[in-house]
Amino acid sequence: DKLVYLALGELRPPFDRLEFNLADKLIVRALGVGWEEYQRVGDLGELAEKITNHKFSNSQMTVSEVYEQLVRIAKDSGSGSQERKVRGVATLIKQMDPISAKYIVRMVAGKLRLGFSDKTVIDALSYLENGNKEYSEMLDRAYQKRPDVGVLAQMVKEWGAEKAAEKIDVVIGTPIVPALAQRLKTPREMIAKMGRVYVEKKWDGTRVQIHFSRGQVRTFTRNLDESSAMFPELTKIADQVNADEVILDSEAVGYDPKTGKLVPFQLTITRKRKHGVVEAQSSVPLRFFVFDIMYLDGKSLIHLPLQKRREILVKTVSKGDVLVVDEHIETDDPDVLREYHKKQLEAGLEGALVKQIDGEYMPGRTGFNWVKFKESEDSRAKLADTIDAVIMGYYLGKGKRSDFT
DNA sequence: CATGGCTGCCC
DNA sequence: ATTCTGC
DNA sequence: GCAGAATGGGCAGCCATG
């Protein structure tokens with residue numbers, strides 16, 4: 001597991017992230033060279049490689065030892081920690097050959113770019129099993145339920161790919177890869193591809209996966225980062241949940257405390273902050289529009305059809321101020337769909353989400369299980385803005401970019 | 001202590 | 001979030 | 001048609017600078 005995290009330039013999975021908190025300046029200090037030297041080379045990794053070049057060390061650190069040292073450096077905090085971190089990195093680099101130093105330094109600086117993702121690790125684990133990608137799909141499905149490549153690697157080593165995939169299941173406290181929606185233009189295409197559909201509002205807020213258990217609530221973003229600290233209101237939802245443990249999928253949207261009206265995305269997103277969380281909570285309170293349930297009291301629900309999950313959801317979450325289970329419609333008529341969408345736009349929403357009525361909870365943007373129906377592209381949602389500009393000055397490039405001048 | 005450059009993470 | 005590109 | 005890389009607007013926060 002350690003090797004797998006290191007290969008990705010991380011120490012732990014995103015939902016349990018560990019940061020180094022060492023900026024360029026401090027790393028340059030750890031390398032024991034002048035700032036000008038860094039300016040000249042332009043890349044901390046190459047700098048580290050260069051300075052370890054002539055004093056090659058033949059100490060044999062194991063992957064575990066390197067990993068433990070990195071964790072120790074990352075975990076250090078409080079008074080004097082900067083100095084200790086700098087010394088820690090320096091000591092580590094001294095024991096390394098130049099190439100290792102290059103990559104370790106890039107990792108600490110948060111600038112490791114190996115073109116290596118969780119998907120690559122999954123393929124590697126399949127190769128480990130039988131030398132090809134035969135097991136990738138199976139392992140990927142397991143990964144979607146529990147997206148922790150470290151755990152996956154450990155399980156595959158211990159049990160083999162097939163058994164590991166079978167054993168891995170949704171666990172509370174580890175985010176599930178969220179289901180995403182495809183985009184289609186016309187209601188006709190939607191009905192053609194999906195048949196009778198389940199339709200709900202598309203809220204313009206931020207995605208929140210809620211892991212509720214008695215005594216603790218944790219939340220995760222669309223990209224699997226933990227966001228629990230953002231949402232103090234979720235500490236008081238116990239009376240709205242008729243279960244001991246649930247995983248819910250929701251969209252959080254801010255509202256004006258005076259009028260009760262929902263606010264635009266740009267205001268909702270100001271709730272994503274580290275400081276002043278409580279103050280922000282009173283100026284932009286949130287409602288969590290819950291649209292799915294993936295886990296209930298020890299059992300994964302992701303393989304149940306949407307209708308069934310919805311039934312369970314309605315029974316599990318009761319009315320209240322924080323969690324809201326909104327209404328939906330069901331139809332197989334493109335005109336009804338178009339009308340519903342129009343109504344949502346008029347009400348100031350982003351549009352509608354159209355879902356296969358008997359679809360499982362499908363992580364990622366797989367097939368046409370969920371489809372979003374937004375405003376047409378020409379009126380809004382443009383990517384490219386243009387400006388007229390005059391160049392008033394420029395900086396000389398450094399490192400690799402010094403050639404541009 | 002105020003400001004701008006820059007990054008990370010929402011969409 | 002959208003758009004582009006290679007397969 | 002799909003996955004992955006590369007791109008945009010806008011927010012908070014960190015850091016160096018002066």
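In the predicted model, a phosphate oxygen of DNA strand B lies 3.2 Å from an N or O atom in the side chain of T221, a polar contact being defined as a pair of N or O atoms within 3.5 Å, where within protein one must be able to donate a hydrogen and the other to accept it, and residues adjacent in sequence count only if both atoms are side-chain atoms. The surroundings of DNA strand B consist of R17, G205, T206, R207, T221, R222, N223, D225, F265, I269 and K272, a residue being near a strand if one of its heavy atoms lies within 4 Å of it. Of the DNA strand B atoms within 4 Å of the protein, 100% belong to sugar or phosphate. The residues of this surface divide into two nonpolar, four polar and five charged, where Ala, Val, Leu, Ile, Met, Phe, Trp, Tyr, Cys and Pro count as nonpolar, Asp, Glu, Lys and Arg as charged, and the others, Gly among them, as polar.

The model is predicted, so that local features need pLDDT of at least 70 and side-chain atom pairs count only at pLDDT 80 or more, whereas totals for chains, interfaces and linings use all residues. Residues are numbered from 1 along each chain as its sequence is written, chains are lettered from A and ligands numbered from 1 in the order in which they are written, and side-chain values use heavy atoms, with hydrogens and water left out.

Strand β6 (residues 286-296) is mostly covered, with ten of its eleven residues buried; buried denotes under 20% relative accessible area, exposed over 50%, and partly exposed in between (1.4 Å probe, protein chains only). Helices (H or I, at least four residues) and strands (E, at least two) are DSSP runs, numbered from the N terminus, and two strands pair if DSSP finds at least two bridges between them. Nine bridges connect β6 with strand β5 (residues 245-254) in the antiparallel sense, and F288 of β6 stands opposite A252. F288 also has L323 as its bridge partner in β8, a strand (residues 323-324) that runs parallel to β6 and is joined to it by two bridges.

A separate description applies to an open sheet of five strands, ordered β1-β11-β10-β2-β9 with mixed pairing. Its edge strands, β1 (182-183) and β9 (329-331), each pair on one side only. Three antiparallel bridges link β2 and β9, and V197 has T331 in β9 as its bridge partner. Helix α15 (residues 306-316) packs on the sheet and touches β2, β9, β10 (351-356) and β11 (370-374), its direction making about 50° with that of β2.

G195 is located in the loop between α12 (187-194) and β2 (197-202) and, at 27% relative accessibility, counts as partly exposed. Apart from neighbours within four places in sequence, G195 is in contact (heavy atoms within 4.5 Å) with M190, T331 and D332.

Methods
Axes are lines fitted to C-alpha atoms, for helices over the stretch in contact, and angles run from 0 to 180 degrees between N-to-C directions.
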